[in-house]
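Student: I have a structure to look at and would like to know what the terms used for it rest on. Please take me through them.

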Amino acid sequence: MPACNICNQPLGAPVYQSPQPVSVTSLCEVLSGSTEVFHCASCGHVQTTPMADLAAYYDKTYQILIASEDEDQLYAIVDGQNIFRTGHQVQTLLHFVDIPRHARVLDFGCAKASTLRALCERRTDVQAHTFDVSEMYRPFWDKFVPLENQATYQPKAEWREHFDLVMSFFAFEHMADPQAVLSQATALLRPGGTFYCVVPNLFTNIADFVVADHVNHFTESSLRRLFAGAGLKIERITDAAHTGAWVCCARKTALPVESGGENAAERVQEIASYWHGFGERVREFESAHRGLPGAIYGSSFYGTFITTQMRRPESVTCYLDQNPHRQNQTLLGRPIVAPERVSAEVRVIYVGLNPAHARATIQTVTALPPERYAFFHP
Ligand SMILES: [Zn+2]
């Protein structure tokens with residue numbers, strides 16, 4: 001029986017198993033094999049059975065936004081202005097953490113380290129360091145991090161108790177052993193140093209529940225438990241600073257740390273039911289609009305997931321996306337285009353967005369007037 005990654009208790013039966021043997025990763029790759037999700041009754045953690053050969057996947061395959069220097073995910077559109085994820089992340093970091101002058105800062109599991117780079121542009125005094133379990137991001141680091149401040153696979157021995165701030169953006173959800181990795185990260189902090197962490201929140205972005213390569217889906221109680229075990233006292237944890245994510249700010253301490261919080265069993269069960277019935281809803285909508293050419297709005301996880309659930313995905317001619325970095329790319333063999341460029345024969349739009357704000361968002365897209373299309377709302 002599998003054990004909880006956070007509290008080591010046995011997990012019991014899964015709360016969700018994908019009805020069809022197909023899974024989608026956070027990078028929108030479609031894999032064969034079903035996704036299996038557990039909920040820990042003891043600490044509230046939600047956990048997915050890891051994909052085979054996780055380490056090799058991140059080392060060689062997982063190339064997040066590596067196409068160019070500037071490629072970034074669209075975080076929000078406010079008053080017609082695109083706000084990208086990196087910009088929002090550095091803004092939030094500076095809001096929550098009072099970074100000392102000339103601070104030694106490590107971006108832990110950082111991929112391109114774009115948030116650290118944006119921080120260095122605003123705070124030229126900061127001493128930047130990078131660490132990841134892959135060599136492939138070095139060309140990005142070389143542009144702003146001295147070689148002696150970079151490490152791959154293992155942190156440097158001389159980094160023990162070295163840092164004022166260790167930060168981690170969207171990394172711990174991928175880890176098969178988050179307890180060991182967080183202890184490793186904490187060991188690099190000076191006493192009293194700050195650990196700052198952003199991870200997905202399945203309660204505000206429910207797609208996280210079915211992402212095949214997210215092993216960990218943190219709840220407030222499982223985060224508290226994890227941090228307490230590593231000797232980190234949480235000073236702030238919020239679901240309101242970053243859409244779809246937890247932002248967590250903690251301090252290294254030698255004193256015992258209490259954990260706690262609700263285990264959220266009912267909310268987890270609701271999300272499991274939503275995803276269990278999702279494919280049927282897609283196929284019912286499809287049947288009701290049989291034969292009409294369609295487009296999928298959103299070329300990220302939700303759009304990909306909808307495609308995998310369709311009976312006749314060939315009726316989808318393209319994906320629509322407002323992110324200029326996505327336009328002119330392809331997804332599952334179809335073009336990704338700006339909504340204004342949707343082809344004239346399309347009559348059906350599948351909205352591939354977070355259901356928490358899908359309706360509100362699609363209403364703002366003037367290129368897709370409601371009198372012209374039938375919409376599938378997630
Ligand atoms: Zn647990």
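**Pairs and domains**

Tutor: A search of the whole structure finds 19 aromatic pairs. This is a predicted model, in which local features need pLDDT of at least 70 and side-chain atom pairs count only at pLDDT 80 or more, while totals for chains, interfaces and linings use all residues. Residues are numbered from 1 along each chain as its sequence is written, and side-chain values use heavy atoms, with hydrogens and water left out.

Student: Why is the pair of Phe278 and Phe376 called edge-to-face?

Tutor: Rings of Phe, Tyr and Trp (its six-membered ring) pair if their centres lie within 6.5 Å; planes under 30 degrees apart count as stacked, over 60 as edge-to-face and the rest as tilted. Here the centres are 6.1 Å apart and the planes stand at 85 degrees, so the pair is edge-to-face.

Student: Which elements hold Phe278 and Phe376?

Tutor: Phe278 is in helix α7 (residues 265-288) and Phe376 in strand β21 (residues 374-376), 98 residues apart. Helices (H or I, at least four residues) and strands (E, at least two) are DSSP runs, numbered from the N terminus.

Student: What makes Glu161 and Lys252 a salt bridge?

Tutor: The term requires a side-chain nitrogen of Lys or Arg within 4 Å of a carboxyl oxygen of Asp or Glu. For Glu161 and Lys252 the closest N and O atoms are 3.6 Å apart, so the pair is a salt bridge. By this rule the count comes to 10 salt bridges.

Student: How many salt bridges are there between domain 1 and domain 2?

Tutor: The count there is zero. Domain 1 covers 74-254 and domain 2 covers 291-376, with bounds from an automatic or database domain assignment. Their C-alpha centres lie 32 Å apart. The contact (heavy atoms within 4.5 Å) takes 11 residues from domain 1 and 11 residues from domain 2.
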